[in-house]
Amino acid sequence: MVKHMEPIFCPYCGKKSLEELEPTELMVDNDVWYILHYECKECSEMFDRVLLKDVDVNDFEDNEEGLWS
Ligand SMILES: [Zn+2]
């Protein structure tokens, strides 16, 4: 089963005030990995989250376009 975007919180302080930064695409073997970068607004720590490209990236991109347009 594909896991959908669960609520994300800061691994350092446990808060959910996260800034989502520009994602990175990375080829690993024959898979495209999608690396999401987050910065915590509470403690300013940064961390990454990796998704495989086939995990609803299209939905994700659609949502982003909706947000930014
Ligand atoms: Zn934090």
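Predicted model: local features only at pLDDT ≥ 70, side-chain atom pairs only at ≥ 80, totals over all residues.
## A pairing between β1 and β2

In strand β2, E25 has Y34 as its bridge partner. The strands β1 and β2 run antiparallel and are joined by 9 bridges. Together they form a hairpin with 2 residues between them.

D29 lies in the loop between β1 and β2, the latter covering residues 31-40. Its phi is near 55°, a positive value in a residue other than glycine. For context, most residues other than glycine have a negative phi. D29 is exposed, because 6 other C-beta atoms lie within 10 Å, and a residue counts as exposed with 12 or fewer.

## A pairing between β2 and β3

Strand β2 is also joined to β3: the two run antiparallel, with 7 bridges between them. In β3, the bridge partner of E39 is M46. β2 and β3 form a hairpin with 5 residues between them.

S44 is found in the loop between β2 and β3, where β3 spans residues 46-52. The turn holds S44 with a positive phi of about 65°, and S44 is a residue other than glycine. S44 is exposed, because 11 other C-beta atoms lie within 10 Å and the limit for that class is 12 or fewer.

## L18 and its surroundings

L18 is placed in strand β1, which covers residues 18-28. With 19 C-beta neighbours inside 10 Å, L18 counts as partly exposed, because a buried residue needs 20 or more.

Leaving aside residues up to four places away in sequence, L18 touches I8, C10, Y38, E39, C40 and K41. One of these contacts, E39, is the residue whose bridge partner in β3 is M46. L18 and M46 themselves are 28 residues apart in sequence, and their C-alpha atoms are 9.2 Å apart in space.

## The protein as a whole

The protein contains 1 helix and 3 strands. Read along the sequence, these elements follow the pattern β-β-β-α. The protein has 69 residues, of which 3% count as buried.

Contacts in the protein can also be sorted by separation in sequence. Among those between residues at least 6 apart, 29% join residues at least 24 apart.

Conventions: Residues numbered from 1 in each chain as written. Helix = DSSP H or I, 4+ residues; strand = E, 2+ residues; numbered from the N terminus. Contact = placed C-beta atoms within 7 Å. Pairing = 2+ DSSP bridges.
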